[in-house]
Amino acid sequence: MQPHSRHFKANAEAALREPNLQAALKQLELGFVAGRQRCYEALPEFESLRDRAKDILDHTLDNLDAYLLEYEARVIESGGKLHWASTPLEAREIVIRICRDAEAKTVIRGKSMVGEEIGINDALEAAGFEVTETDLGEYILQLAKEPPSHIVAPAIHKTKDEISDLFLEHHRDLGFTRRQTERSALVNEARQVLRGKFLAADVGITGANFLIAETGSNVIVTNEGNGDLTSTLPRVQIVTAAIDKVVPTLEDASLLLRLLARSATGQDITAYTTFTTGPRRKQDADGPVEYHVVLIDNHRSEMLGSELRPMLRCIRCGACMNHCPVYGRIGGHAYGWIYPGPMGSVLTPIMLGLDEAGHLPNACTLNGRCETVCPVKIPLPRLLRSLRSRQHLQRQNSSLARVALSLWTWVALRPRLYQMLTWPAMSLLSRLGLKRGGFRRMPFASGWTRVRDLPTPQGSTFQVLWQQQQRGRK
Amino acid sequence: MTTAETTNTADSPHVGLFVTCLVDLYRPSVGFAAVKLLQQAGCRVTVPQAQTCCGQPAFNSGDDRHARQLAVQVLNAFEEFDYIVGPSASCLGTIRCHYPEMFADDTGLLPRFEALSSKSYELVSFLVDVLGVEAVEAGFDHCVTYHDSCSALRELGIKSQPRKLLASVSGLQLNESQGTDICCGFGGTFCVKYPEISGRMAADKVASVEASGADTLLSGDLGCLLNLAGKMRREGKPTRVYHIAEVLANMADCKSIGEGDD
């Protein structure tokens, strides 16, 4: 999708005025947040699992080259093909080439964020393939021509009414002439439409929640089973995955799976957890004839060599955005690309550049709720702060803020001057605002006073009053 | 620079009070309340004159050079004391958690910052956790609700300590609000950079304070309190807003934050 992260402020302000979105976002605390809390309380070893998960992933990242090569060798041994892609463009070209070589016409997709990251749908459609998303949320968004607004629940911003309208508009020609309003009827209608797509598809493309180095397997978790159909029914299967998805062993993946659904949706485990290894073997009754894995870097090796390395531990559970007070007010689209919330505010500036996504690391109160729930203990506030340092060093932050802050620091580094300047300023402010108790407007502080009063200071400063008191005692 | 000092007993713990710039400029009464609480608990309190800002605004804005300069100023002013204590989890969180991080590569200064970090405390947690204070001598005939600042809750692990001391204030009833672990929308420069988002967060917090039935809002961080008091004033809410130190020191007889003459 065309990023619009640079318009974050305007996007966010529009989102705050969108009643449907606001109603949908209220459900986050009640649904995902409460669900995770229930899981957390029910699992005594939750905290120790977080520590072990972090250790597993840190070890993997320390030896990523070796594990990727091991994974590649196992994929090839099992009869699959592995393709390396440095950039989204390379990844798209590889996928399109595989589809063309297979003389495919129709492609179905299982939900995958890296697929969104490389923009695979648009590229396939432009190359003449018919592409269908099979995850219900993603399917809804495909009909609505919208990007996901949440990495786990992509259509969380859509109301049931909007979905009823969309289905009627797009399914009428397929014989579904009644506008369905019940949840189950809507799901059933989508299921019927999608079933035909599954059976007719030439190529199935999924992502991967994990790649297992010791077996060459990929793991996907879904609640709808669409991922399984996407990987088993078409004659060609393509797995698109980023290089940070690899873990050493099945044991490691099992541990991470215990944290993933609990952190994401508040489920002990998702309805489907599927391990796939290579193409159909002679003795297999079904499965794809061709099995391809496209491994994508897209700035990840750059992150590996920087202070942002911990971000590569991310297992895409979405807990950080579920618990983020900013995401909870503005939703995912305001962030302007496919990764929203705290994790997106780290990833987007790396993948699109700070010129495009400079707002994101700043649109955070550093309240730290994300870090406390992250199942792999990514220090998100610290990473966001370090992106701010990069901005500061590259002079990419606002010049007014820089000047104001430099001035403040210059004065604050001179305590005598600070005291000489602050005492009269506070005394004056206090006198001016005495009656009302606060200011409705204040020059140079319109950001504050636009939405709240600036309370009146008491007058004088503690330092001056304290010194007076001490002198009085002597 | 001269150093203003009060004495308790000569061998009592010697505390350097980090007033914080917000308290210094906005609400000196919180500083006096902190001094009173520390003295009552048996400390010798000194207020170094060479203190201003802890550097958090610069640090959080990515201006690491200036943040480090201010950190060194704090180090020089406070490392001689047994403890550095202040009425703000946000500032003390910076000193305790982030100063060592800022100087991680500076082998010369890091040990000094680690030492400073290990003796730095937010006021209320210092009273309870270090000095073992169980109760205060104060009265406040109001129904209050307590806002946990994010730095208190998540950087310094402060949740039970303020509630413990509030329980000892005679006449005070504590009604908990919903969502006490959710940020009020202050966030330092965030609140002026993204006022609309910040304002919505503050409005939601104000609504949960109102729903608690409390007539007074307390917290341990003046940043949150100025944000919330300002929002309450803008929305015409009658809720009174105080720093917890003012109530614990029995000094909440002054005007509440944002209170006018009308």
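Helices (H or I, at least four residues) and strands (E, at least two) are DSSP runs, numbered from the N terminus. The views below come from a predicted model, in which local features need pLDDT of at least 70 and side-chain atom pairs count only at pLDDT 80 or more, while totals for chains, interfaces and linings use all residues. Residues are numbered from 1 along each chain as its sequence is written, and chains are lettered from A and ligands numbered from 1 in the order in which they are written.

**View 1. The loop residue A:Glu103 of chain A.** A:Glu103 sits in the loop that runs between helix H5 (88-101) and strand E2 (106-109) of chain A. Its phi is near 50 degrees, a positive value in a residue other than glycine. Is A:Glu103 buried or exposed? A:Glu103 counts as exposed because it has 8 C-beta neighbours inside 10 Å.

**View 2. The loop residue A:Lys377 of chain A.** Helix H18 (369-373) and helix H19 (380-393) of chain A are the elements on either side of the loop that holds A:Lys377. A:Lys377 is not a glycine, yet has a positive phi of about 55 degrees. A:Lys377 counts as partly exposed because 19 C-beta neighbours lie inside 10 Å.

**View 3. Helix H8 (residues 136-144) of chain A and its cover.** The buried residues in this helix include A:Leu136, A:Gly137, A:Glu138, A:Tyr139, A:Ile140 and A:Leu141. Among the elements that cover the buried residues of H8(A) are strand E3 (130-133), helix H9 (160-171) and helix H10 (183-200) of chain A. Just after H8(A), A:Lys145 takes a positive phi of about 55 degrees.

**View 4. The contact of chain A with chain B.** Chain A gives 56 residues to this contact and chain B gives 64 residues. Two residues are in contact if their C-beta atoms, placed from the backbone, lie within 7 Å. On the side of chain A that touches chain B, the largest share, 6 residues, comes from helix H23 (residues 462-473) of chain A. That side of chain A divides into 25 nonpolar, 20 polar and 11 charged residues. Ala, Val, Leu, Ile, Met, Phe, Trp, Tyr, Cys and Pro count as nonpolar, Asp, Glu, Lys and Arg as charged, and the others, Gly among them, as polar.

**View 5. Helix H1 (residues 8-16) of chain A and helix H11 (residues 195-211) of chain B.** The axes of the two helices come within 9 Å and cross at roughly 35 degrees. Axes are lines fitted to C-alpha atoms, for helices over the stretch in contact, and angles run from 0 to 180 degrees between N-to-C directions. A:Ala12, A:Glu13 and A:Leu16 in H1(A) meet B:Glu196, B:Ile197 and B:Arg200 in H11(B). This contact has 3 nonpolar, no polar and 3 charged residues.

**View 6. Strand E9 (residues 240-243) of chain B.** B:Arg240 and B:Tyr242 on one side of the strand, and B:Val241 and B:His243 on the other, are all buried. Strand E8 (residues 216-219) of chain B pairs with E9(B) in the parallel sense over 4 bridges; strands pair if DSSP finds at least two bridges between them. B:Ser219 stands opposite B:His243 in E9(B).

Note on methods:
A residue is buried if 20 or more other C-beta atoms lie within 10 Å of its own, exposed if 12 or fewer, and partly exposed in between; C-beta atoms are placed from the backbone.
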